[in-house]
Amino acid sequence: MRQEQLRATTIFSVLLFFSLSRIPTILAQADPSLAQLTESFAHPPDDSRIMMRWWWFGPGITKPEIQHELEQMKAAGIGGVEIAVLYPLALDDSQTGFHNLPYLSDEYIDALRCAASEAMRLGMRIDVTLGSGWPLGGPHIPVNQAAGELRLETVTIPFNAHSIATPGISTGEQLIATFLIPGSGDALTFGEAKPVPISAIENGRLEISAELSGPYSVVFFISSRTGMMVKRPAVGAEGFVLDHYDQSATENHLHAVGDRLLEAFGGHPPYAVFSDSLEDYGSNWTGDLLQQFRQRRGYDLAPHLPALIAEVGPETAAVRHDWAKTLTELTNERFLAPLHSWASQHHTLLRSQTYGFPPVTLFSNRYEDLPEGEGKATLLMWRQFSDARWAASAGHLFGKPVISSETWTWLHSPAFRATPLDMKAEADLHFLQGINQLVGHGWPYSPQIAGEPGWRMYAAGAFNAHNPWWFAMPDLAGYLQRISFALRQGKPVNDVALLLPNDDAWASFNVPRQSSESVTTKTGFNTRGENLSIDESMGKLLGDNVISQILDAGFSLDFVDGDVIEALGIRYPALVLPACRSPSTRRSNSTRCTEALSLPRAACLPRLRDL
């Protein structure tokens, strides 16, 4: 009896298996579009393959090795490269013939031309970074186009002094305001600051005309430069970071670097040009900021400058808000818009990591053709604020169907510790946030003279043929390609829009009193924290719970901000407004919320602390 039951069960299971296996075929016969989808999922198009950030160190490159590594990538299922040129890892050697090609030299352009030709031959996509290292800049940027900063110099007035020496003003600097403030050292009463006219300065000395009772100091406000240099540049690419608030600096860079790079591509421009994450640390000023502020905000910032560095009363948050918002607008108009316009004129796309420093917003992402994010190598990244979801939200809002992410940065650092399973796990976290194009971080160019395990980049894995698991890369790449393709089908449908409190972030920014300190450490890392970064401020402003609670309730979400709502309205069934601190935020959110409620199916949850 048991044998008959087992036989019957086996026969039933076999019949059920073959019946279920026929379902896709039956459905495909009924719906030709499903047949095409089924075939495409099994054999996805090449444009959904993963890409690799291809680091050229030095650049100590040769045409044979360029060809060899591109062929390795192609064979492993990698569909394209982003060429990123970094610092040298070996010195020139006349005995071996090793040579670093100066960036943008004729030799370098010829090597880049070889890479473009080989990629075209192999049917691979090629993107090129608009500079060497990051942020954008280099030897072509003079000091008067370098990243700007408001520098402060405080001088304590000696007892019975009638004048004091003014601080030295270097090339690229300008004294813009002077204030007389009670107190000395760190004990200054900024709320009682009184402006002193610049005309009171003669022959390098400021006349003290007032009768002073007690200690007083003079604070000089100087339009200055951060002095930040391009991080991790190639040979010949060293120089100042450009001023992202100065359009002449942007255009200078595009002409000196962008136009030169495109000479390597002839009549076949790269698929995209790339702007890496904005890491212009500490840049909070530009030469004409006072004029621009007056035009945009309707009042003079100069008398209110002390509010940028200290609490001066009820107006402090409003002044900081207006100053920081002006910085955002200048970045949009003088950096991002010219980048996009230049790319369009040269028949290529702009791929951009539009977050970081200066304070770009989610709405700033409207200037890019291909939004890109990145994520931290943590399992919690998809449940927290992340630049990957920031980029995905931008793609959904502005109709950009392909949304990429810098993937595997710092994954099990140092290099060669990450396995294919680690790579899959992190890639899935990016997919969960709306990413559908992976840019691996990355592939180090590594010549034979480097030996084994070859060259590698300090902040990333080395996902090239020097890995002992390289034989598994085609299977991993195939899986990632299929998921990327599947996630590009249809339209994104997220249930909840989470409003980012930009106004709170703007109102929280300030000018450091010790602005003479370097904006980077000796190794190039930020010394100013999240100050002047919208996205890096969001973790603190949103808190730890709201995103995870939305997800745990069974909903998915996109970010929006006030400018997005004003331009596009609300396309989501629910709008979540976190608790707001700034009066500007509360006023603007109240107006936007009222407008949102007039839209079909829109709902607003003001001052939400817990979902």
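**Pockets, cavities and packing**

The largest pocket has a volume of about 1,200 Å³. The model is a predicted one, in which local features need pLDDT of at least 70 and side-chain atom pairs count only at pLDDT 80 or more, while totals for chains, interfaces and linings use all residues. Residues are numbered from 1 along each chain as its sequence is written, and side-chain values use heavy atoms, with hydrogens and water left out.

**Overall make-up**

- The protein contains 15 helices and 24 strands; helices (H or I, at least four residues) and strands (E, at least two) are DSSP runs, numbered from the N terminus.
- Of its 611 residues, 55% count as buried, where buried means under 20% relative accessible area, exposed over 50%, and partly exposed in between (1.4 Å probe, protein chains only).
- Among contacts between residues at least 6 apart in sequence, 80% join residues at least 24 apart; a contact means heavy atoms within 4.5 Å.

- Pockets and cavities are found on a 1 Å grid over the protein atoms alone: a pocket is an open set of points with protein on both sides within 12 Å along at least five of seven lines, a cavity is a set of points where a 1.4 Å probe fits but cannot get out, and lining residues have an atom within 4 Å of a point.
- Grid points are joined across faces, edges and corners, and a volume is the space filled by probe spheres set on the points.
- The largest pocket is lined by 48 residues, and those nearest its centre are E279, E374, K376, D387 and E536.
- Two or more residues of this lining come from each of strand 1 (51-57), strand 2 (80-86), strand 15 (278-279), strand 17 (356-357), helix 12 (534-542) and helix 13 (546-552).
- By class, the lining of the largest pocket has 19 nonpolar, 16 polar and 13 charged residues; Ala, Val, Leu, Ile, Met, Phe, Trp, Tyr, Cys and Pro count as nonpolar, Asp, Glu, Lys and Arg as charged, and the others, Gly among them, as polar.
- The second largest pocket holds about 530 Å³ of space, and of the 24 residues lining it, H396, G490, K491, P492 and V493 are the closest to its centre.
- Helix 8 (residues 387-397) gives the largest share of the lining of the second largest pocket, three residues.
- The lining of the second largest pocket divides into 10 nonpolar, eight polar and six charged residues.

**Enclosed cavities**

- Two cavities of 30 Å³ or more are counted.
- The largest cavity has about 60 Å³ of space and is lined by G133, W134, P135, L136, H244, S275, D276, S277, L278 and F335.
- Five nonpolar, four polar and one charged residues make up the lining of the largest cavity.
- The second largest cavity, of about 30 Å³, has a lining that includes L411, F416, R417, F463 and W469.
- In the lining of the second largest cavity, seven residues are nonpolar, two polar and one charged.

**Helix 8**

- Helix 8 is largely enclosed by the rest of the structure, because 11 of its 11 residues are buried.
- Among these buried residues are D387, R389, W390 and H396.
- After helix 8 comes G399, whose phi is positive, near 70 degrees.

**Helices 9 and 10**

- The axes of helix 9 (residues 420-432) and helix 10 come within 11 Å and cross at roughly 10 degrees; axes are lines fitted to C-alpha atoms, for helices over the stretch in contact, with angles running from 0 to 180 degrees between N-to-C directions.
- Helix 9 is therefore roughly parallel to helix 10, a term for angles under 35 degrees.
- P420, M423, K424, A427, D428 and F431 in helix 9 meet M473, L476, Y479, L480, I483 and S484 in helix 10.
- Nine nonpolar, one polar and two charged residues form this contact.
- S484, in helix 10 (residues 473-486), is buried with a relative accessible area of 1%.
- Beyond residues up to four places away in sequence, S484 touches S48, F431, N436 and Q437.

**S223 in strand 12**

- S223 lies in strand 12 (residues 216-225) and is buried, with a relative accessible area of 4%.
- S223 and G287 are 64 residues apart in sequence, yet 6.5 Å apart in space, C-alpha to C-alpha.
- Leaving aside neighbours within four places in sequence, the contacts of S223 include E149, G172, W285 and G287.

Terms used:
Parallel < 35°, antiparallel > 145°, perpendicular 65-115°, else oblique.
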